[in-house]
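Biologist: I'm new to this one. Can you put it on screen and walk me through it?

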Amino acid sequence: MRSDASYVPRKSSRNGALIFGIAVFAVACAAVLAVAQLAFGRVGFGAVAAMLLVGLAAVSSVHIALSWEKVVVLRLGKVNRVVGPGPYFTIPVIEHGTIRVDQRTIATPFYAEKTLTADLVPVTVDAVLFWVVWDAEKACTEVEDYYAAVSFLAQTALREAVGRSTVAEVALRRDQLDMEIERDIEKEAAGWGVDIISVKVRDIVIPDDLQEAMSLEAQADRERNARMTVAGAEAELAEMLAEAARVYGDPDAALKLRTMLMQYDTVRKSGGAVVTVPSSFSDGFADAGERSGSPSAAASSKGIGR
């Protein structure tokens, strides 16, 4: 799996909730000390013990959940309610918040290393899963660690999807692979209060020798398609030239026109030029060449090119 060295995780801080808890503890302790000072005129051991008890009771009673959090509160071991965001209160000892569920969209990278495809080719696939917890109570009670469970489920679904596809399908049909993985994860994760937003395959690593073979195959397919296209164009051109020959009333005109087109293409590609001489002048050279028995002279009478 590839990693980006420039990436720095930026997660939201819970320092505000921690400071709030410290502030609640300090206010409770200060209130107890003030009452002891006013009532007894001094702060003794009993006042200090009471201060600590009251401070702990206050901290375990007054809480705050951040804007994106849901907290599952248990009462005597049973789910009592789901609270948050904002401040909430619990009964000390009897109630406690068991888990804080982040309800923002979570991005989880996962990969399948050297997984065999349906045609027994080992590939490494790197993907990322986008998901969100929509039911905090189910995420708390239906699975032990919902984050780890979703990660392992995604990796398993990726391996199964790759195993059902050939290497060509894995390489060329990423969208279908994304949808198959998403469906497989969603079937299992729905009972955990988790909603799968999307799955995106980021990278597919195929063995080097197979990459070369697939490249040669693709080149051969493109060359074959190009030849078929040229053949089709040649057939259409032949029909057009045959029609032109019928218009001229000369059966050999089609072949002459095709020869002229080929000559034009050759000269255009080579950057040369064609010089055409009058027919009577060239015929004279041809007759002279035939009388002298020189085939080169007869051939040069038809056209001079460079």
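This is a predicted model: local features need pLDDT of at least 70, side-chain atom pairs count only at pLDDT 80 or more; totals for chains, interfaces and linings use all residues.

Biologist: Which residue forms an aromatic pair with tyrosine 147?

Modeller: Tryptophan 131 does. The pair is tilted, with 5.7 Å centre to centre and 50° between the planes. Tryptophan 131 lies in strand β7 and tyrosine 147 in helix α4, so the pair ties together parts that are 16 residues apart in sequence.

Biologist: Is tryptophan 131 buried or exposed?

Modeller: Buried, because its relative accessible area is 0%.

Biologist: How many aromatic pairs are there?

Modeller: The count comes to two. In the pair of tryptophan 131 and tyrosine 146, the ring centres are 6.2 Å apart.

Biologist: Why is that pair called edge-to-face?

Modeller: Because the planes of tryptophan 131 and tyrosine 146 stand at 80°, and an angle over 60 degrees counts as edge-to-face. Strand β7 covers residues 122–133 and helix α4 covers residues 146–163, so this pair ties together parts that are 15 residues apart in sequence. Tyrosine 146 counts as buried, at 11% relative accessibility.

Biologist: What do the ring pairs make of these residues?

Modeller: A cluster: they link Trp131, Tyr146 and Tyr147.

Biologist: Which charged residue sits over the ring of tryptophan 68?

Modeller: Arginine 104. Its charged end is 4.2 Å from the centre of the tryptophan 68 ring.

Biologist: Switching to salt bridges. How many does a search of the whole structure find?

Modeller: Nine. One of them joins glutamate 69 and arginine 100, with the closest N and O atoms 3.2 Å apart.

Biologist: Where do glutamate 69 and arginine 100 sit in the chain?

Modeller: In distant parts of it. Glutamate 69 is in strand β2, arginine 100 is in strand β5 (residues 95–102), and they are 31 residues apart. Glutamate 69 is buried, with a relative accessible area of 6%. Arginine 100 counts as partly exposed at 33%.

Biologist: Which residue forms a salt bridge with arginine 75?

Modeller: Glutamate 95, with the closest N and O atoms 2.4 Å apart. Arginine 75 lies in strand β2 and glutamate 95 in strand β5, so the pair ties together parts that are 20 residues apart in sequence. Arginine 75 is partly exposed at 36%. Glutamate 95 is buried at 5%.

Biologist: What about glutamate 169? Which side chain does it meet in a salt bridge?

Modeller: The side chain of arginine 173, at 3.7 Å, N to O. Glutamate 169 counts as partly exposed at 29%, and arginine 173 counts as partly exposed at 40%.

Biologist: On to the surface. Which residues form a nonpolar patch there?

Modeller: Leu76, Ile91, Val93 and Ile94. Together they have about 430 Å² of accessible area. Leucine 76 is in the loop between β2 (69–75) and β3 (78–83). At 71% relative accessibility, leucine 76 counts as exposed.

Biologist: Last stop, valine 205. Which strand is it in?

Modeller: Strand β8, residues 194–205. Valine 205 counts as partly exposed, at 42% relative accessibility.

Biologist: And what is valine 205 in contact with, leaving aside neighbours within four places in sequence?

Modeller: Val123 and Thr124. As for alanine 171, it is 34 residues from valine 205 in sequence and 9.0 Å away in space, C-alpha to C-alpha.

Notes. Residues are numbered from 1 along each chain as its sequence is written. Side-chain values use heavy atoms; hydrogens and water are left out. Helices (H or I, at least four residues) and strands (E, at least two) are DSSP runs, numbered from the N terminus. Buried means under 20% relative accessible area, exposed over 50%, partly exposed in between (1.4 Å probe, protein chains only). Contact means heavy atoms within 4.5 Å. Patches are made of residues with over 30% relative accessible area and no salt bridge: like charges are joined within 9 Å, nonpolar side chains (Val, Leu, Ile, Met, Phe, Trp, Tyr) within 5 Å. Accessible areas come from the Shrake-Rupley method with a 1.4 Å probe; for residues, only the protein chains shown count as cover. A salt bridge is a side-chain nitrogen of Lys or Arg within 4 Å of a carboxyl oxygen of Asp or Glu. Rings of Phe, Tyr and Trp (its six-membered ring) pair if their centres lie within 6.5 Å; planes under 30 degrees apart count as stacked, over 60 as edge-to-face and the rest as tilted. A charge sits over a ring if NZ of Lys or CZ of Arg is within 6 Å of the ring centre and within 35 degrees of the ring normal.
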